[in-house]
Amino acid sequence: MSQVKTYALSEGVTLRTFLAPAFKTMRISVNLLVPAREDRAAAYGLLPYLVTRATRRYPDYTALGGRLAELYGASLGSSVQKIGEYQVLSVSVDGIASCYAFGGENMFAELAGLLLDVVFDPLKDSDGLFPLDGFLQEKRQQLEQKDSDFSDKMIYAHQRCHELLFEGGPAGIDRLGGRKQIEALRREDLASAWEELLDQAKVEIFVLGGCAPDLEWFRERFSGIGGNRALGPVPYTRTDFRRVTEEQTIAQSKLAMAFRADVPPEDRQLFQLMSAVLGEPTSSKLFQKIREERGLCYYCDSAFSWVNGALFVESGVETKDLDRVEAAVLEQLSALRNGEITEAELRGAKLYLCNSLRSVGDSLHGVEGWYLGQSFAQEELTPEQAAENLMKYTAADVAEAANRLVPAVVYRLKGSEC
Amino acid sequence: MEWERIASPRVGDCYYRGRHSSGLEIILYPKETGSSTQAVLGVKYGSVHNSFQWEGESAPEAMPEGAAHYLEHKLFESEEEDAFARFAETGANANAYTGEESTCYVFSCTDRLYDSLKILLDFVQSPYFTEETVAKERGIIGQELTMYQDSPSWRVFFNYLRAMYHVHPVREDVAGTRESIARITPAHLYRCHEAFYSPSNMILAIVGKFDRDKVAALCDEMFRLVPASRVEPLFPDEPETVARSRIEQELSVAIPVFQFGYKCGGAPRDEKDLAAMGVLLSVLASDASPLFRRLLDQELINESSFSYQYFEGTGYATVIFGGESKDPERAARLIQEEVREMGAKGIPEEAFHWAKRSLYGDCVSSLNSAAGVAQWLTDFAFQGQELFTYIDALAELTIEQAEEKLKDLREDRSVLSVIRPLKSARKDETQ
């Protein structure tokens, strides 16, 4: 994998480059990381979508779309995610490398210029407010995104489990803010919020793929923004175990279980490995024992998030089998804790993770996701280092990690057919 | 083995294509820079190939719906060690999927390519089914079907096809139904395997790092000389009209989901046809189009869910627009009006120019991904088409060729499929 280079443009702004001419595209992204706050989440969550709608140079949404199409289908992206207790607000631009632009355009200059406009010169009206039509459009679409999340029962069950796990804390705040908060948003609330974000957020900029950026260009433009923040995982606090069942008129019930653990940074790979042995690849216990041997479900997977200090197990099951599948998951976890781990399970999990880690550099999104995640750990690792680390763990280490999991939530979305 | 080199100066890539002595078509696309290599073994056998005629036999055969998908699930199992366990030994990430036109077995790896390739070529040719294992799989596939029953995007799509087609098998769910899979026996699966899983009905595509001679040698070792496939898939005569113009279903959703589109002619298509339709759709409904803007301004769609596609295969083709909408009827009306207006006024030149560039950019971007390229190559090859010819066709496309495709979008052959929130939803089931 080509080398990722990291430059501190200022105390609050980090630039990472991954220059790989083999990629036929480039990607430039600006990620703003702020602690999630109940009173600001909805406003901040709307901003990436608002600023990418129109800029002073391209004041019309359709005209901006036309310019992007002309630039060989380049795309201006916006996204909001939660990483632990942080809300991560991102704007980005993706497009083809200059050597494929048959019109001779300098694609880096074009795309970086567009992104710069989005960040520093989004369209505002004469009162300094985001235009009303764009504000109303984006607010409506945020509410429809909530509807969409409700309609997808896998997403919904995961979100409910996550909410229950972190209820009352910053990690439990929805990435887009609550429905009521979005409905209550006023244009005036947003007027200075973007500047406030640029001033206070930890800024992570990525320049990736087939391009050759001028670092000074970035330093000149971005070093004046950003706040100096130390990022870190969700602090571990042992909470009471919660069991919640809700009913909906659906054909398949969903089971979502969460476990918490106090995981120091040096144990990150160990817990990833433990999750993989339990329920990620097809050689894992959940896949082999619950799906393949007992035919109880189509999917039953685990996933571990170090930043959240949580392991999730999720499955779609027949309502009558909810108890059986929950018991079967606990049975497999118990086997893991007792060290009942075969050579094949351990090797399968290690090779699966190594394969994924070695492939990180094959996609620009993969590289960005990896290093954004690393910014939460004091000591950053390359994917290759992480792969090397996890190979050293034994079955006993994995069992020991499994014994540190504390059951936290069992959420059931119970189906009752029409 | 002889290799044909196919190059595209336009995108700076090349690949190799050859026919193995077993009849297997092999496509090898070098990508020296990435870490992972992707392999696809595609079989030209999908959910639409449910009826077929064996050469020399008097009566055609029909399989229960979902047979191709069931076979895909079961092939991973063997008398000794299942394929997943074997792939776990090499570290390859393996999967499979069944579509309307083909079944594909895939893996990606960063190491031990030839060991994984050997497993792939072996298990796909080694059917092993018993009453017991087939019965066990029924529970797993049953759960997969139940999962799709709750999925608004899945339901709106298959309802749409069911309304559009009278008899063409594309109207059936790829995975079948609980009733149809209950009828599938080991004998059915062996019969389908025998009918369709011959090397001459398969394509092996590898994208990444490999040695061509080693791949050919492995195919020599793994593929026996088997006579070319002796079955002909059968398709009923599908009328040009739609079966019904509206279809609706209620599900536990918070916002309606719709698909609206047109039934197009089912005749075979070439790369130029695909390019012309792609550009037309981009002009009509991309982010830069007046239609997209109108739909947004009237709050009839949202950016995250609205999409459009040209969905086509053997004997079927349809243009589909869809997404979430609080008023699907109005959204469909606006789409229809735009198609009508463009039919009368023609395609604006600037929009045509942008759409061509945009689609070219999409193609170039897609070439980054080994998995994407492997799938693209396989899909094109099964339709008798070629990737770089498609990219060239885009560049050479004229506005008249794109306008010609507007004739395929006839109002009397349109369908609107809608998923609505439950009328009887409990309070906690609404947002």
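**Contacts, salt bridges and backbone in a predicted model**

B:Arg112 is partly exposed, with a relative accessible area of 39%. This residue belongs to a predicted model, and its position is the loop that runs between strand S8 (103–109) and helix H3 (113–123) of chain B. The backbone of B:Arg112 has a positive phi of about 50 degrees, although the residue is not a glycine. Most residues other than glycine have a negative phi. B:Glu299 also has a positive phi, of about 60 degrees, and is not a glycine either. The loop that holds B:Glu299 lies between helix H10 (290–297) and strand S13 (307–313) of chain B. With a relative accessibility of 40%, B:Glu299 counts as partly exposed.

Helix H1 (residues 41–51) and helix H8 (residues 193–200), both of chain A, pack with their axes 10 Å apart and at an angle of about 105 degrees. That angle makes H1(A) roughly perpendicular to H8(A), because angles of 65 to 115 degrees fall in that class. On the H1(A) side, the contact is made by A:Tyr44, A:Leu47 and A:Val51. These residues meet A:Ala193, A:Trp194, A:Glu196, A:Leu197 and A:Gln200 of H8(A). Sorted by class, the residues in the contact of H1(A) with H8(A) are six nonpolar, one polar and one charged.

Also in chain A, A:Val80 is part of strand S4 (residues 75–83). Is A:Val80 buried or exposed? At 4% relative accessibility, A:Val80 counts as buried, since the limit for a buried residue is under 20%. If neighbours within four places in sequence are left aside, the contacts of A:Val80 are A:Gly45, A:Pro48, A:Tyr49, A:Gln87, A:Val88, A:Leu89, A:Arg175 and A:Leu176.

The next topic is charge pairing. How many salt bridges does a search of the whole structure find? Over all chains, the search finds 76 salt bridges. One of them joins the side chains of A:Glu216 and A:Arg219, with an N to O distance of 3.2 Å. Both residues lie in helix H9 (residues 215–222) of chain A, where they are three residues apart, about one turn of the helix. A:Glu216 is partly exposed, at a relative accessible area of 41%, and A:Arg219 is partly exposed at 29%.

In chain B, the side chains of B:Arg246 and B:Glu329 form a salt bridge with an N to O distance of 2.9 Å. B:Arg246 lies in strand S11 (residues 246–251) of chain B and B:Glu329 in helix H11 (residues 328–345) of chain B, so this pair ties together parts that are 83 residues apart in sequence. B:Arg246 counts as partly exposed at 35% relative accessibility, and B:Glu329 counts as partly exposed at 21%.

Helix H11 of chain B also contains the pair B:Lys345 and B:Glu341, which are four residues apart and therefore separated by about one helical turn. Their side chains meet in a salt bridge of 3.2 Å, N to O. Here B:Lys345 is exposed, with a relative accessible area of 65%, whereas B:Glu341 is partly exposed, with 40%.

Salt bridges also link residues into a network. This network takes in A:Arg291 and A:Glu292 from chain A, together with B:Lys74, B:Glu77, B:Lys136 and B:Glu137 from chain B.

How many disulfides does a search of the whole structure find over all chains? The search finds zero disulfides. B:Cys14 is in no disulfide, and the nearest cysteine sulfur, that of A:Cys99, is 16 Å away. The cut-off explains the result: a disulfide requires a pair of cysteine sulfur atoms within 2.5 Å. B:Cys264 is likewise in no disulfide, and its nearest cysteine sulfur, that of B:Cys363, is 20 Å away. As for accessibility, B:Cys14 is buried, with a relative accessible area of 17%. B:Cys264 also counts as buried, at 7% relative accessibility.

Key:
Residues numbered from 1 in each chain as written. Chains lettered and ligands numbered in written order. Predicted model: local features only at pLDDT ≥ 70, side-chain atom pairs only at ≥ 80, totals over all residues. Heavy atoms only, no water. Buried < 20%, exposed > 50% of the residue type's maximum accessible area, 1.4 Å probe, protein only. Axes fitted to C-alpha atoms, helices over the stretch in contact; angles between N-to-C directions. Helix = DSSP H or I, 4+ residues; strand = E, 2+ residues; numbered from the N terminus. Parallel < 35°, antiparallel > 145°, perpendicular 65-115°, else oblique. Contact = heavy atoms within 4.5 Å. Nonpolar A, V, L, I, M, F, W, Y, C, P; charged D, E, K, R; others polar. Salt bridge = Lys/Arg side-chain N within 4 Å of Asp/Glu carboxyl O.
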